[in-house]
Amino acid sequence: MAEEYDVVSSEGMGAASGNGIGQAGKFIAHKGEDFDVIVAGGGPAGMGAAVAASLQGAKTLLLEAQSTLGGVAAAAMWMPVNRITLWGVTPEGGKRGGVHDLFVDAIRSFGAHAYSERRHPAADMRGGLSIHPDYLKMACFQLLEHSGCKYRLYSPVTGVVKQGNCLRGVKVGTKDGEEYFNGKIIIDCTGDGDVSLQAGVRMYKGRESDGKLLPPALLWTVTNVDIQKFFRFFTGERARFDEMVSQAKAEGYLTCKWYDFDETSLPDTVNVNNGGVDDWGNVDMTQEADMTLAERLGIQAALDFCTFARKKRMPGMEDCCLMRAGYRVAVRDTRRVEAQYRITHEDARNAPEFPDIVSRRYGFIDAVGYYAAQMVSGHAYPYRCLVPVGVDNLLAAGRCAGATHLGFASGRGMGENMGMGQAAGIAATEAIRQKKTPAQIDVRPVQDILRSMGVRL
């Protein structure tokens, strides 16, 4: 492993990067390889962790269960990857440093057709990019390769290798049975905390009082839209829009609890975010039956929206067409680990400064469906939230990190998840350098490295 952080720019990434079959193939992991750091999950948190660890010189593997990288950022189509920068987020604006900047540079290198920064009153685009999902996927591949990280898709972690309380590796389910990868430090960025659960970490799920979960949602993209006309209607005549939806529900169409819309990088095309299907109760996206139902109802909601928008001559959507839906339902909320510290709603509102700060969380408190409030945007996020209790050589970042339910809902944007992952990736390399477990390390070198990458602590 390298002893010092060596800044790697995004030069060489983009549409003309020239990576052929042989060049790309050398980054795909094969069974039997050993690694310093293994990251499970290829969403924003996993990308932050894997790229940061690899840039530090660790031999790193990223395992993704699905067919593509990007996680919710890819599944949600053009939904803004919020707070990936700080423009419009803080008074001074600017970049977030580290992996965030490499990711933004990689996207922008593809050109204006790959992303949009256009803002409408209906869309919270502060610090965000609305990214074409296929360019986003390609940027993830290139960023991993550029940093020297190996990866593999279709590789769900189905078990762990333990020696006492210490993790030594992971089991991966394949069509030919289980494979094993050995690693010195494992980082759980699965969102659902799958690795932590398999390792025996205590888990929390949902709101403390009743188990209520934030609703999942399938997002979709609609084309042949008069964008200016539609946004004038949606922002200026919201009561009329809501009445059209209520009428559609009464007529038997499957509607969602709410709808929101974002411009895309394509002409005449908008992305549709939503609050999940009306009246479907508490959906647990760790349960296969609920997952299947969410996919089934999600695609019906997408089709029904386009049908009733045309039928009711919704202004700007009179002749709209469904372009495509996300490749899977976007999950907002499932399991969280028992960590050395669980960040709380009070932390987000009162903003204490933690001595072990490794990131800052921006935005607002967004417990979709039951609570929204302002918080101190930019409050400190402590390293201890990334350290599960009871299992050594394990870190957890992203949705599954340590938090109360409202603590988790406070600043839960994709930029925040990438920041958590980045901190976990650097902490993993420091644990190896210091010859300690993640729970034992001196966090000050982690902070020094983050600051050297331009991260604001």
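Mentor: Start with a term: a polar contact is a pair of N or O atoms within 3.5 Å, and within protein one must be able to donate a hydrogen and the other to accept it. Also keep in mind that this is a predicted model.

Trainee: OK, then which backbone nitrogen lies 3.3 Å from a polar atom of the side chain of Thr344?

Mentor: That of Glu346. Thr344 itself sits in the loop between strand S14 (335-337) and helix H10 (345-350).

Trainee: Is Thr344 buried or exposed?

Mentor: Its relative accessibility is 16%, so Thr344 counts as buried; the cut-off for buried is under 20%. Apart from neighbours within four places in sequence, Thr344 is in contact with Thr404 and Gly407.

Trainee: New topic. What about helix H12, how far apart are its end C-alpha atoms?

Mentor: They are 30 Å apart.

Trainee: What follows H12?

Mentor: Lys435, which has a positive phi near 55°. Most residues other than glycine have a negative phi.

Trainee: Which other residues have a positive phi?

Mentor: Asn224 is one of them, with a phi of about 60° although it is not a glycine. Asn224 lies in the loop between strand S10 (220-223) and helix H7 (227-236), and with a relative accessible area of 42% it is partly exposed. Arg313 is another, with phi near 55°. Arg313 is in the loop between helix H9 (288-311) and strand S13 (321-325), and is partly exposed at 45% relative accessibility.

Trainee: Back to the inside. How many residues does the largest nonpolar core have?

Mentor: It has 86. Those with the most contacts inside this core are Phe103, Leu144, Ile187, Val358, Tyr383, Leu386 and Leu395. H12 supplies the largest share of the core, 10 residues. There is also a second, separate core of 38 residues, including Phe233 and Met285.

Trainee: What is Leu395 in contact with?

Mentor: Leaving aside neighbours within four places in sequence, its contacts include Ile187, Tyr383 and Leu386, and also Ala424, Ala427 and Ala428.

Trainee: Now a residue in helix H12: is Met418 buried or exposed?

Mentor: Met418, which is found in H12, is buried, with a relative accessible area of 4%. Residues up to four places away aside, Met418 touches Pro44, Ala45, Gly48, Ile84, Val99, His100 and Phe103.

Trainee: Next, charges. How many salt bridges does a search of the whole structure find?

Mentor: 30. Side chains of opposite charge can pair when their charged atoms come close. Here Arg335 pairs with Asp194, with the closest N and O atoms 3.0 Å apart. Arg335 is in strand S14 and Asp194 in helix H6 (residues 194-199), so this bridge links distant parts of the chain, 141 residues apart. Arg335 is buried at 12%, whereas Asp194 is partly exposed at 25%.

Trainee: What does Glu318 form a salt bridge with?

Mentor: Lys229, at 2.7 Å between the closest N and O atoms. Glu318 is in the loop between H9 and S13, Lys229 is in helix H7, and the two are 89 residues apart.

Trainee: And which residue does Lys311 pair with in a salt bridge?

Mentor: Glu251, with the closest N and O atoms 3.8 Å apart. Lys311 lies in helix H9 and Glu251 in the loop between helix H8 (238-250) and strand S11 (259-263), so the bridge ties together parts that are 60 residues apart in sequence. At 54% relative accessibility Lys311 counts as exposed.

Trainee: Last one. Which residues are linked with Arg83 in a network of salt bridges?

Mentor: Arg96 and Glu416. The side chains of Arg83 and Glu416 are joined by a polar contact of 3.2 Å. The side chain of Arg83 also has a polar atom 3.1 Å from the backbone oxygen of Tyr362. Arg83 is in the loop between helix H3 (72-75) and helix H4 (98-108), and its 8% relative accessibility means that it counts as buried.

Methods:
Residues numbered from 1 in each chain as written. Predicted model: local features only at pLDDT ≥ 70, side-chain atom pairs only at ≥ 80, totals over all residues. Heavy atoms only, no water. Helix = DSSP H or I, 4+ residues; strand = E, 2+ residues; numbered from the N terminus. Expected span 1.5 Å × (residues − 1). Core = buried A, V, L, I, M, F, W, Y, C linked by side-chain atoms within 4.5 Å. Buried < 20%, exposed > 50% of the residue type's maximum accessible area, 1.4 Å probe, protein only. Contact = heavy atoms within 4.5 Å. Salt bridge = Lys/Arg side-chain N within 4 Å of Asp/Glu carboxyl O.
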